[in-house]
Amino acid sequence: MNRPDVHARVHETEHTITVAAPAGTVFGLVENVDDWPQVFPPTLHVECLERAGAEERIRLWATANGEAKSWTSHRTLDRAGLRVRFRQEVSQHPVASMGGEWIVEPLPDGHSRVRLTHDFRAVGDLPENVAWIRRAIDRNSGAELAALKAAAERAGADGAAFTFEDTVRVDAPADDVHAFLLEAQLWQERLPHVARVVLKEDAPDVQLLEMDTRTADGSVHTTASFRICLPGRRIVYKQQRTPALMSVHTGRWTVAEDPAGSVVTSRHTVVINTAAIASVLGEAATPEDARAFVRQALGHNSTTTMRHAKEYAEGRAGDRPVAPATYASLQRFYAAQMRLLDDGEGQAWAGTFAEDGEFAQDAGPTPLRGRAAIAAAVRSGAARARSARRRHFTGMLTARQSPDGTVRTRFYALVVDTEEGSAPVLRLSASCQDALVPDGDGWLVRRRLVEHDGR
C-alpha cells in the first residue's frame, strides 16, 4: 500500500469525448461497474466490496502501461447530476494517491459529452513516476472514453455483449478440479486443443496466459489473457489478444462443492466484432451466425477442458481398476440395457437409472434429471420412431471403482438403423461416460454423458 505524500504536488488531467447517445444511456454504463470488463479495454475485473445507496467500495484490476494493477476505490454516485466521484483507498506504486470524476453532460441534440478528470500524487514526487502515471492515465482514459462511446452507440444493436455457460459434474473433490484449472502451464500436456502455452505470474494470483489453441477446422489461434485467481475457487480472465470475430472476450471458471463431488462451470461473455463477420464466415453470414459460431467454438473448448479436469480429479480420488468379476457384470449390464432399447422397452430402460439419475448429451438441450423425466423422454422418442429396426452396440469398455463403490465407465456406442429391404445405416457414433452405483447384484446409472462424434 502507498501512503499519500502530503508534500507531493497534486497533478490534474481531463479527457473529453462526445457520444451520439443519450446521457442516461452513457451514465448507466459508467454506473454499472459489473460490466466494465466488457466495456473498458483496460479493465480486467471488478469486485463490489460494499454497496449502500449512492456509496460503493470496489476492488478493480486493470492494465496500466501493459502491467496488471489492482486497487480499491470508494465511489459516490450522483445519479441526478450524472456524476460519479471516485477516490482510491489503496493504490499501487508509483501512484501515491488518485481520484477523479466521471461527468456526463446532456447536449441539445440528444447526444452527450463525457468528461473524465483525474488528480494524483506520485510516490516521492519523482519526475519519472509522474511521467509514468500521466502515460497510464492518457492511454487508459483515451481507451476508456472511446470504448464508452462505442458501447453507448451500439446499445441494443447486433454487437452487444452476450453471455453463456456450460457445466460439468465431477465425482471428486472441488479442490482437485480447481488445481487442474490453476495449473494452466500444464495444459499443453493435458488438453488436446492446446498446442502451446506460456504462463507468467509476476504478482500473486495474477497470471498472464498465452496459448495457441486448435479449432475444429484445424486452424490455430493465439490468445493472451490476464487471469485473476480469486477466493471461492474462482478464476476470472480477460483476453488481451482475441480472434478476429471477437472484439471482447471475458470468462470465468467456478468450482463448487456438490453432494456427489463437485460442479465446474465455465462462463463466457463476448462482444462480436461485426466488421469481421464477412471475412471470417462469408458474405452471407449474419450476427446471429457469428454468435452461434463463437458459442460453439468457445463452449466446445471450455467443455473439453472441464471434462479433462473431471478425468484428472476423478483419477486422484482413489479409484482402482475393477475386479474381473465386476467387469463381467458390467458387460452383462450394458448388454441387457441396450437390448431393452432395441426391444422398445423404454420404461424398463429408464428403470436402469437411479431414481435421481441424470442423462446428458452434448447434442441435446438441458440434461434429463430423475427416472421419471428419462422415462418420459424415451416415450416421446418412441412416439416419433421411424419404421427402421434399430440396434445399439457398445464396446471398448473401461471401468474404475471408487472406495465408496461407485464405478465410472467409459465406452463407445454405435446406433445402426436397417430399413426393410435396405442395407444397414450407421446413425450415431458416440463416446459415453457413466457413473454407476451398486443395486443388489446389478447396477444403476447415476449419471450418463453422451458425446456425439463429429460435433
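Q: Is Ile17 buried or exposed?
A: Ile17 sits in strand β1, which spans residues 11–19. Its relative accessibility in this predicted model is 17%. Because the cut-off for burial is under 20%, Ile17 counts as buried.

Q: Which residues does Ile17 touch, not counting residues up to four places away in sequence?
A: A contact here needs heavy atoms within 4.5 Å. By that rule, the residues that Ile17 touches are Ser112, Arg113, Val114, Leu145, Ala146 and Lys149.

Q: How many residues apart in sequence are the parts tied together by Arg447 and Asp171?
A: The side chains of Arg447 and Asp171 form a salt bridge, with N to O at 3.0 Å. Arg447 belongs to strand β21, while Asp171 is in the loop between β8 and α4, so the pair ties together parts whose separation in sequence is 276 residues.

Q: Is Asp171 buried or exposed?
A: Asp171 is linked in a network of salt bridges that includes Lys310 and Glu314. Its relative accessibility is 8%, and the cut-off for burial is under 20%. Asp171 therefore counts as buried.

Q: Which residue forms a salt bridge with Arg427?
A: Arg427 lies in strand β20, and its partner lies in strand β19. The closest N and O atoms of the pair are 3.4 Å apart. The partner is Asp417.

Q: How many disulfides does a search of the whole structure find?
A: A disulfide requires a pair of cysteine sulfur atoms within 2.5 Å. Cys229 is buried at 11% relative accessibility, and Cys432 is buried at 4%. The search of the whole structure gives a disulfide count of 0.

Methods:
Residues are numbered from 1 along each chain as its sequence is written. This is a predicted model: local features need pLDDT of at least 70, side-chain atom pairs count only at pLDDT 80 or more; totals for chains, interfaces and linings use all residues. Side-chain values use heavy atoms; hydrogens and water are left out. Helices (H or I, at least four residues) and strands (E, at least two) are DSSP runs, numbered from the N terminus. Buried means under 20% relative accessible area, exposed over 50%, partly exposed in between (1.4 Å probe, protein chains only). A salt bridge is a side-chain nitrogen of Lys or Arg within 4 Å of a carboxyl oxygen of Asp or Glu.
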